[in-house]
Amino acid sequence: MRIDIITVEPDLIKSPFENSMMKRAIDKGLAEVHFHNLREYGFGNYRQIDDYQFGGGAGMVLMIEPIAKCIEKLQSERTYDEIIYMTPDAKTLNQATANTLSLKENIIILTGHYKGVDQRVRDKFITKEISIGDYVLTGGELAAAVLCDAVVRLIPGVLGDETSALTDSFQDNLLSPPVYTRPSEYEGMKVPEVLLSGNFPKIEEWRSEQAYKRTKEIRPDLLD
Ligand code: 6GU
């Protein structure tokens with residue numbers, strides 16, 4: 001999978017890709033990530049990329065031309081399956097979206113800033129808009145890193161069996177059940193007996209019950 005990230009703040013987003021799971025995916029050749037600094041496509045000596053919004057109001061808006069130049073250059077080199085815009089005014093990211101995106105060959109992720117991008121960017125280029133939750137971040141860079149982490153770990157071969165993505169919270173729309181490791185007793189707090197029983201059908205049954213109970217308590221909306 002190839003991911004092209006268009007951003008105003010490349011330094012803010014690079015470090016998650018230089019560490020841990022995403023670095024492993026890149027080193028294994030399973031993911032390829034390229035960063036494009038929007039500023040390099042800006043106008044004039046100052047490399048201008050934003051301007052005041054028509055109609056007045058505080059906050060700058062990213063202009064269409066620099067973004068168009070960058071996207072069209074990428075599109076002249078290969079075909080993209082999705083052009084994603086990270087923005088708080090969009091549907092929230094969930095596991096189903098991450099699963100779908102992990103099967104794509106080439107994607108572009110555009111991260112917004114300031115008041116966002118000119119609406120015509122969204123109308124002309126964007127095929128999918130994603131928010132990562134109901135709160136506002138300064139820019140879409142951290143959100144893009146979150147999206148990439150959620151997607152890249154699902155690419156076959158990225159995770160080992162020991163951390164299979166199949167048993168994740170949300171993979172079946174339920175939260176994960178509680179987990180325990182040694183010691184079996186700590187300051188009088190005991191690990192549930194069933195987990196020490198070796199009775200695997202019973203253990204699975206217990207885990208399902210606990211997952212359902214937790215989901216009902218904490219995230220009943222997932223059960224709707
Ligand atoms: Cl994708 N961008 C920004 N700026 N804030 C957010 C977000 C995205 N998702 C949640 N908050």
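In which loop is Leu137 found? Leu137 belongs to the loop that runs between strand 7 (128-130) and helix 6 (141-152), with helices (H or I, at least four residues) and strands (E, at least two) taken as DSSP runs numbered from the N terminus. The model is a predicted one, in which local features need pLDDT of at least 70 and side-chain atom pairs count only at pLDDT 80 or more, while totals for chains, interfaces and linings use all residues. Residues are numbered from 1 along each chain as its sequence is written, and side-chain values use heavy atoms, with hydrogens and water left out.

Leu137 is partly exposed, at a relative accessible area of 33%; here buried means under 20%, exposed over 50%, and partly exposed in between (1.4 Å probe, protein chains only).

The rings of Phe17 and Phe35 have centres 5.4 Å apart and planes at 75°, so the pair is edge-to-face. Phe17 sits in the loop between helix 1 (10-14) and helix 2 (20-27) and Phe35 in strand 2 (residues 32-37), so the pair ties together parts 18 residues apart in sequence. Phe17 is buried at 6% relative accessibility, whereas Phe35 is partly exposed at 24%.

As for cysteines, the structure holds zero disulfides (sulfur atoms within 2.5 Å). Cys70 has its nearest cysteine sulfur, that of Cys148, 15 Å away. Cys70 is buried at 0% relative accessible area, and Cys148 is buried at 1%.

Terms used
Rings of Phe, Tyr and Trp (its six-membered ring) pair if their centres lie within 6.5 Å; planes under 30 degrees apart count as stacked, over 60 as edge-to-face and the rest as tilted.
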